[in-house]
Amino acid sequence: MKRNVALICALCLAGAVRAETMRVQVQTGQVRSAPSFLGQVVATVPYGQAVQTLEAQGAWQQVRTAGGSVGWMHSSALTTKRIAAQTAGTTASAGATGDELALAGKGFSADVEASFKNAHAEIDFTWVNRMAAQNASPAQIQAFVRTGGLKQNGGAQ
Amino acid sequence: MSVRTVSLFAGALGLALLPTGCETVAQYGSMAGQAAGVITYDQAQSINRVASATGKTFQDITPEQEYYIGRSVAATVLATYRPYDRAALNQYLTVLGQTLAQYSDRPETFGGYHFLVLETDEVNAFAAPGGLILVSRGLIRCCRSEDALAAVLAHEIGHVQNQHGLRAIKKGRLTSALTIMAVEAGKSLGGADLAEATRAFEGSIADITSTMMNSGYSRSLENEADAAAVQILVRAGYDPHALIDMLTVMKARLAGDPRGFGRTHPSPDDRIQHVSALIGPRSAVPPPPARQQRFGAALAGVR
């Protein structure tokens, strides 16, 4: 019994040492069932939100989301920098420090883009929006890889 | 403790911390001034602002800012070049490009990788920050296989992965842009702040587009993008020699054409030499026929 308690404590401690808070640095962070782009998306996490990392496997991090989901995220979608979530009515007097990203939605933002667009009649975002909306589905990519005789391990590096 | 003592104490603290950087000194310095009632809180903030923005680099631009910069860079390029409105070709490019991105060192960006063909004979391509990639019809015509087109897209993904566009923003501009971004964090940009942010934004877009469209990146950044392309191609199972095949066709097509890559990129010969040193012997195994078939089908009628 005593030994079990010690073992559990040791395990907790090991877990606590490994766990780290990271933040999502893409618009919609995708949490997958496996450390691969072939893994199903089991949860999504918005920009700036924190996740706890549990384990690393190559470029993939196993994470626990604030909502309790556990799955894998590619490390390029995560940062150790802080992205302060915007809270209505608060004024962040200190500003961003060296290891901190600016507040989500501030700085160069949709407002600045609109203001830039107003000043430049020749700039048209129609095709930018159109290309940004064009995506290949996971099924299309899998079929493309298979029929083209490509390697199956995208994101393994 | 008198105001004067506080001020002296804070000043001494600042000096004691001197080796850790001027940012710390400036912050303590403004605390001192504030405590002494010499400057207002806002002025102190403004001093801290300038101090912490100094010495920042393109790496301090957040993924979200990179995304907005990239959108306006792409929109600016599209004010000069018309899109090639062929749904099947653009969809093929999207599937190929988004597949390749998964094999890069940076498969995920804020808004993801997206691809569009430009309606021009000119041999050219643009990688806007964050992953909006524009490739000319003239450059696509330099490709005789899917592997060669993959090489073109992988080179552009290499520019995005290594944030080459953001590096073109002039240092002074970056400092003022990051100052506004970092400090106005707590409140919505309004009036004068919005105008100031827009000016910094405008300048950043101009720095990037003029580099991409007129002067070109340095040879070392182009070599970095070619090295990333080789890595992506090998990881994905494409033949990296296809990059050399494409550059060989490009060399013939660029002869006497000062536009696009003729102006902004190192000569195809230089690039071939650099790429050859990175790759092993050509594989004896031919690509599956289905790969060449779909390439032919997507490019049918592209002149």
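Strand β2 (residues 28-32) of chain A is mostly covered, with four of its five residues buried, where a buried residue has 20 or more other C-beta atoms, placed from the backbone, within 10 Å of its own. The model is predicted, so that local features need pLDDT of at least 70 and side-chain atom pairs count only at pLDDT 80 or more, while totals for chains, interfaces and linings use all residues. Residues are numbered from 1 along each chain as its sequence is written, and chains are lettered from A and ligands numbered from 1 in the order in which they are written.

Chain A has four helices and nine strands, these being DSSP runs numbered from the N terminus (helices H or I, at least four residues; strands E, at least two). Of the 157 residues of chain A, 31% count as buried.

In chain B, an open sheet of three strands has the order β1-β3-β2 with mixed pairing, two strands being paired if DSSP finds at least two bridges between them. Because β1 (114-118) and β2 (125-128) of chain B stand at the edges with a single partner strand each, one side of each has no neighbour in the sheet.

| Strand | Partner strand | Sense and bridges |
|---|---|---|
| β2(A) | β3(A), residues 41-46 | antiparallel, five bridges |
| β1(B) | β3(B), residues 132-136 | parallel, five bridges |

Within these pairings, A:T28 stands opposite A:P46 in β3(A), and B:H114 has B:L132 in β3(B) as its bridge partner.

Definitions and conventions:
Buried ≥ 20, exposed ≤ 12 C-beta atoms within 10 Å, placed from the backbone.
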